[in-house]
Amino acid sequence: MGILSAKLSAVKPSQTKAMTALAAELKAQGKTIITLSQGEPDFATPDHIARAAIAAIHAGHTKYTAVAGIPALREAVAEKFQRENNLTFAADQITVGCGAKQLLFNALVASLDDGDEVVFPTPCWVSYPEIVKLAGGVPIAVETRVGDGFIMQPSDLRAAITPRTKWLMLNSPSNPTGAVYSRRNLEGLAAVLRDFPNVWVLADDIYEHLVYGDAEFCTMAEVAPDLASRTVTVNGVSKSCAMTGWRVGYAGGPLELIKAMNTVQGQSTSHTCSISQHAAVAALNGDQGFIGEFRDAFEKRRDLVVQRINEIPGLSCDTPDGAFYVFVGCEALLDGTTPQGKTLATDMDFAMYLMEEAGVAVVPGSGFLADGFIRISYASSQDDLQNACTAIGAAVARLKRAQGAA
C-alpha cells in the first residue's frame, strides 16, 4: 500500500509554479532568464499599505484573529462590494482567506460530495480542475473558441449541465486569456442558470480592476440579482494592489455557505496573517489612485507584447480586454525541428525551447487545458518585455530556418 492517496495521485502540479521554479533554478546556475510565467505584478506594494502593516506590528496586532477575519477588514470588504459592485452583504456574510485560491478551495470542499460536478470554461486557470479533484468533485471543462473571444456561450453551458452539476466557476477577467465577460455575456449565462436552480455560481473576480479600453467589468450577482442567493463572489488584493505575497483574499455570499467555508478554514490554516489583514484594510479604505496607474502601465505593456508577438511568423494573438496575460497561438510552429534536431511535438516542447534557446520563461497552454498555445505574462518591465519579444523572435527564426533545412 502506497502512502499517497488516490485523490492526490490524480492532481497535477501547477504548470505556472513549475515553469517559474525552473526559471529560478536556471538563474541560480548563472543563466539569464526573463521570467514571464508568473502572474505577479512587478510593482511594489504602495507605501500607505506597507505603513499600515508596520503600524499594526507596533500596535501589537500580532495575535490570533477570528477565522473569518478581523471585523475592520470584513467591514471594509462589505463596503467595497457595495461601493464598486452594488452588492450588499452583512459582515458575517464576508470571509477572509489566505488568497483567493484558498477561498475557492474552501467553497468547494464545503459544498461538494464525491461525484458532484463543477463546470468551468477553458482555457482556465491551472488550479481549477485540480482544486475540484481535491475537493472530491469532477471537473467539467467547457471548451471556448478563439472566434468567440474565449467566452463561454450559453448553449455550451446548457449542454454541460447534468443532474450532478453543483457549480459554474467563472473567472473574469480571465487567466490565461484576458477575456472579460460583458454584461450581455453574463445575462446569457444567467438565463441558462435560471433553468437549473441547484447550480451555484463561483465568481472569481481577482482581476476586476485590470480591464482596458471600452471593456466593462461586471460580476454575476450584480448582473443577475435573483442568482445572488446561490452566488459566492471571490476577490482579493493580490493583483490590483501588488500584494501577492501578503496572501489576502475575500469572499461574500449566502450566510450558510460562508459559515461552512469558515469551518473548513478553521480546521486548516485558521486565519490569514493578522498583519496582512490590517494592510488589506488600508488597501481597501485608503487612497486607490495607484490602481489606475498600474492599469495604465499594464495596458501599454499589453499593447507592446501584442504588437511584437504578432510580428513573429508562426505566432498569433488577439488583444485581451483584461488581466495581464497574452494567450499566444503557437500551433503553426509545432511538429518542427529545433537547431539541435529535437522535434517540437507539443506546446510544452515549445515552451521549453523558448526557455533554453531564448532565455524566456512562459507557460504552455496545455497547463490551462488548451493545447497549441503559450501564456505570456506582461506583468514585467517594458525593458524585459522588449528583450523577451526580441529573443522569442530570434529563437523562432532559428527554428524556422531549422525547419526549412529539414
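Guide: The protein chain has 14 helices and 14 strands, both taken as DSSP runs numbered from the N terminus (helices H or I, at least four residues; strands E, at least two). Its radius of gyration, taken over C-alpha atoms, is 21 Å, close to the 22 Å from the globule rule for 406 residues, so the chain is as compact as a globular protein of that length; that rule is 2.2 Å times the number of residues to the power 0.38. Bear in mind that this is a predicted model: local features need pLDDT of at least 70, side-chain atom pairs count only at pLDDT 80 or more, and totals for chains, interfaces and linings use all residues. Residues are numbered from 1 along each chain as its sequence is written, and side-chain values use heavy atoms, with hydrogens and water left out.

Now zoom in on α2 (residues 15-28) and α13 (residues 347-358): they pack at about 25 degrees, axes 12 Å apart. Those axes are lines fitted to C-alpha atoms over the stretch in contact, with angles from 0 to 180 degrees between N-to-C directions. The two helices are therefore roughly parallel, the word for angles under 35 degrees. From α2, Gln15, Met19, Leu22, Ala23 and Leu26 meet Met348, Ala351, Met352 and Met355 of α13, contact meaning heavy atoms within 4.5 Å. By class, that's eight nonpolar residues, one polar and no charged ones (Ala, Val, Leu, Ile, Met, Phe, Trp, Tyr, Cys and Pro count as nonpolar, Asp, Glu, Lys and Arg as charged, the others, Gly among them, as polar).

Notes:
Parallel < 35°, antiparallel > 145°, perpendicular 65-115°, else oblique.
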